[in-house]
Amino acid sequence: MTGTEVEGVDPGALEVARSILGPLAVTGAPLGALTTYRVGGPAAVLAVVSGIKDLGTVARAHQASGLDVLPVGRGSNLLVADRGYAGIAVMLDPAPNAFGSVTFDGTQVRAGGATPLPTLARRSADASLTGFEWAVGVPGSAGGAARMNAGGHGSDMAHCVTAVTVARLAARTGRAGDVKTERVVVADLGYGYRRSELGATDMVLAVELSLRHGDRVASTEAIRAIVRWRREHQPGGQNAGSVFTNPPGLGPESSAGRLVEAAGMKGVRRGTAEVSEKHANFIQADPGGSADDVDHLIRDVRDAVQEHSGVCLTTEIRRIGFAREPRQGSQPQQEA
Ligand SMILES: Cc1cc2nc3c(=O)[nH]c(=O)nc-3n(C[C@H](O)[C@H](O)[C@H](O)COP(=O)(O)OP(=O)(O)OC[C@H]3O[C@@H](n4cnc5c(N)ncnc54)[C@H](O)[C@@H]3O)c2cc1C
């Protein structure tokens with residue numbers, strides 16, 4: 001498949017991007033298949049970057065071609081439209097000598113942006129550090145989690161991060177084609193419930209955490225308990241975790257999941273997508289299913305909840321490549 005098959009891509013812009021990216025460019029790469037939904041179409045271009053030089057090349061391709069650019073982590077919060085993404089998707093190489101390294105200095109941890117969060121949680125526990133056990137159940141990357149302010153079990157990234165290193169892919173590159181990188185401290189990340197003020201073209205390359213000295217055995221047991229809890233309460237299969245954020249100021253009895261259930265949507269199916277019987281805020285995609293079915297079901301659920309309880313839910317998952325955004329509720333503030 002070639003990138004020109006992604007609807008809405010200007011062939012001239014695509015050629016500019018490809019010529020700058022050279023061997024970094026994979027055209028028509030199956031982006032949807034790289035997400036945890038495992039449905040959806042290709043990216044016009046996918047670039048997997050191994051270092052700063054590659055990021056400079058991506059920044060130049062983005063700026064010269066005018067094609068959008070999308071940082072992609074482990075795809076655990078993305079729904080890519082069946083028609084695909086008409087831009088440049090950028091992933092960090094997770095190799096330890098690229099963006100997958102983890103280093104410890106006392107209670108301070110530095111992780112490459114591609115490090116899987118569960119790995120980081122387990123390695124921190126093994127190093128007798130506590131405060132990051134919660135992250136074992138979040139299947140994203142350190143960079144994606146830093147961007148989303150991922151969280152759970154009473155904590156989140158905002159409680160653990162001290163600073164991140166970002167590459168500004170939209171900022172003018174230097175004369176040598178270098179991408180602009182910056183260390184941003186937590187106070188400047190604008191963290192809120194499942195949000196940060198990092199821009200859509202800011203790529204998180206590294207995350208610095210401040211944890212506490214703890215007990216390795218206790219942390220390992222806490223991790224086991226979290227994994228057990230997730231297995232009991234959340235479905236496996238093809239999904240991206242919670243579809244909607246919890247509406248602000250309503251309390252746990254009005255969590256998004258409870259509202260979906262109260263609206264009678266648990267187990268409801270639209271084509272190849274189904275609201276999970278196990279957790280009403282999860283939507284499952286069938287193997288070989290359609291992202292557009294998932295998206296339609298998201299709208300059905302939102303409408304049903306609005307009609308039943310008057311609450312307009314906001315999506316937590318990021319919809320990529322869809323023609324229009326669904327209605328959004330007010331800004332989320334709390335967690336399930
Ligand atoms: C089974 C399951 C359970 C989940 N449970 C939780 C949970 O408990 N709590 C929770 O918060 N989330 C949960 N999630 C959602 C998801 O894991 C988190 O949102 C995670 O932080 C997404 O990280 P990612 O690397 O997969 O990002 P992606 O899904 O790839 O991208 C998400 C967003 O981050 C951006 N992004 C990705 N990588 C980078 C980067 N390096 N730099 C800058 N921006 C980037 C993308 O452009 C996009 O806007 C769950 C998902 C699943 C499938």
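This is a predicted model: local features need pLDDT of at least 70, side-chain atom pairs count only at pLDDT 80 or more; totals for chains, interfaces and linings use all residues.
Reader: Where do I start, what domains does the chain have?
Author: The domain assignment of the protein chain gives three stretches, with domain 1 covering 3–92, domain 2 covering 102–232 and domain 3 covering 235–336.

Reader: How far apart are the centres of domain 1 and domain 2?
Author: Taken over their C-alpha atoms, the centres of domain 1 and domain 2 lie 24 Å apart, and the contact draws on 16 residues from domain 1 and 19 residues from domain 2.

Reader: Which elements of domain 1 touch domain 2?
Author: At least two residues each come from helix α2, strand β3 (69–72) and strand β5 (85–92), and the element that gives the most to this side of domain 1 is α2, with 7 residues.

Reader: And what classes of residue are on that side of domain 1?
Author: The side of domain 1 that touches domain 2 has 8 nonpolar, 6 polar and 2 charged residues.

Reader: Back to α2, how does it sit against α1?
Author: Helix α1 spans residues 11–21 and helix α2 spans residues 52–65, and their axes come within 9 Å and cross at roughly 160°. Angles over 145 degrees count as roughly antiparallel, and α1 and α2 are therefore roughly antiparallel to each other.

Reader: Is that crossing left-handed or right-handed?
Author: The crossing of α1 and α2 is right-handed.

Reader: Which residues meet there?
Author: From α1 the contact has Ala 13, Val 16, Ala 17, Ile 20 and Leu 21, and these meet Thr 57, Arg 60, Ala 61, Ala 64 and Ser 65 of α2. Sorted by class, the residues of this contact are 7 nonpolar, 2 polar and 1 charged.

Reader: New topic, what is the order of the strands in the sheet with β16?
Author: That sheet is an open one of 3 strands, placed in the order β15-β16-β17, and the pairing is antiparallel.

Reader: Why do β15 and β17 each have a side without a neighbour?
Author: Both β15 (269–270) and β17 (283–285) stand at the edges of the sheet and have a single partner strand each, so one side of each is left without a neighbour in the sheet.

Reader: How many bridges join β15 to β16?
Author: There are 2 bridges between β15 and β16, the latter made of residues 273–275, and the two strands run antiparallel.

Terms used: Residues are numbered from 1 along each chain as its sequence is written. Two strands pair if DSSP finds at least two bridges between them. Helices (H or I, at least four residues) and strands (E, at least two) are DSSP runs, numbered from the N terminus. Axes are lines fitted to C-alpha atoms, for helices over the stretch in contact, and angles run from 0 to 180 degrees between N-to-C directions. Angles under 35 degrees count as roughly parallel, over 145 as roughly antiparallel, 65 to 115 as roughly perpendicular and the rest as oblique. A crossing is left-handed if the near helix is turned anticlockwise from the far one by less than a right angle, and right-handed if clockwise. Two residues are in contact if their C-beta atoms, placed from the backbone, lie within 7 Å. Ala, Val, Leu, Ile, Met, Phe, Trp, Tyr, Cys and Pro count as nonpolar, Asp, Glu, Lys and Arg as charged, and the others, Gly among them, as polar. Domain bounds come from an automatic or database domain assignment.
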